[in-house]
Amino acid sequence: MEQLKEDIGTKKDLVLYRLQTARSDLKSAKILLAAEEYKGANNRAYYAIFHAINAVHAVGGKAYKRHKDAIANFNKDYVKTEIFPREMGRKIGEAEEIRHASDYDDFYIASREESERQVAVADEFIQLAEKYCMTQFEVSD
């Protein structure tokens with residue numbers, strides 16, 4: 001029987017990986033937006049936010065399998081406590097609704113303006129998440 005290797009990497013490595021994934025999704029969203037693929041841009045913008053949320057959770061050693069749980073706990077632990085602006089919590093909820101409509105509603109028509117807004121929200125949130133995460137590691141290092 002082959003011995004399993006222990007997981008290699010730190011909490012910081014996981015956070016940085018998730019932030020990089022968020023940045024990659026944001027880049028994809030911008031490419032899709034430029035190609036006038038608005039539903040796809042909405043999807044990637046939402047996933048950029050989702051991966052950044054998971055990076056924030058990882059700082060505290062938490063992880064959630066379901067999107068609903070990740071967002072609900074982010075709102076409880078970080079928005080209601082005003083670590084992140086309440087307005088951002090509202091924008092994240094809207095991004096989740098728009099992504100769901102873009103992915104699952106047959107007759108949903110995504111507009112350029114809406115997709116631009118989603119990409120901008122994702123960009124804004126990733127910047128806030130990166131700042132928060134890096135600040136937490138500076139404090140703990």
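Analyst: What follows is a description of helix H4 and its two contacts with other helices listed here, H2 and H3. The model is predicted.

H4 covers residues 86-104. Several residues of H4 are buried: Met88, Gly89, Ile92, Ala95, Ile98, Arg99, Ala101 and Ser102.

Two packed helices are described by the angle between their axes and the distance between the axes. For H2, residues 38-59, the axis comes within 9 Å of the axis of H4, and the two cross at roughly 140 degrees. H2 is therefore oblique to H4, since roughly antiparallel requires an angle over 145 degrees. The crossing of H2 past H4 is left-handed. On the H2 side the contact involves Lys39, Asn42, Asn43, Tyr46, Tyr47, Ile49 and Ile53; on the H4 side, Ile92, Ala95, Glu96, Ile98, Arg99, Ser102 and Asp103. Sorted by class, this contact has 7 nonpolar, 3 polar and 4 charged residues.

H3, residues 67-79, packs on H4 at an angle of about 170 degrees, with the axes 10 Å apart. H3 and H4 are therefore roughly antiparallel. Here Ile71, Phe74, Asn75 and Val79 of H3 meet Arg86, Gly89, Ile92 and Glu96 of H4. By class, the contact has 4 nonpolar, 2 polar and 2 charged residues.

Terms used:
Residues are numbered from 1 along each chain as its sequence is written. This is a predicted model: local features need pLDDT of at least 70, side-chain atom pairs count only at pLDDT 80 or more; totals for chains, interfaces and linings use all residues. Side-chain values use heavy atoms; hydrogens and water are left out. Axes are lines fitted to C-alpha atoms, for helices over the stretch in contact, and angles run from 0 to 180 degrees between N-to-C directions. Helices (H or I, at least four residues) and strands (E, at least two) are DSSP runs, numbered from the N terminus. Angles under 35 degrees count as roughly parallel, over 145 as roughly antiparallel, 65 to 115 as roughly perpendicular and the rest as oblique. A crossing is left-handed if the near helix is turned anticlockwise from the far one by less than a right angle, and right-handed if clockwise. Contact means heavy atoms within 4.5 Å. Ala, Val, Leu, Ile, Met, Phe, Trp, Tyr, Cys and Pro count as nonpolar, Asp, Glu, Lys and Arg as charged, and the others, Gly among them, as polar. Buried means under 20% relative accessible area, exposed over 50%, partly exposed in between (1.4 Å probe, protein chains only).
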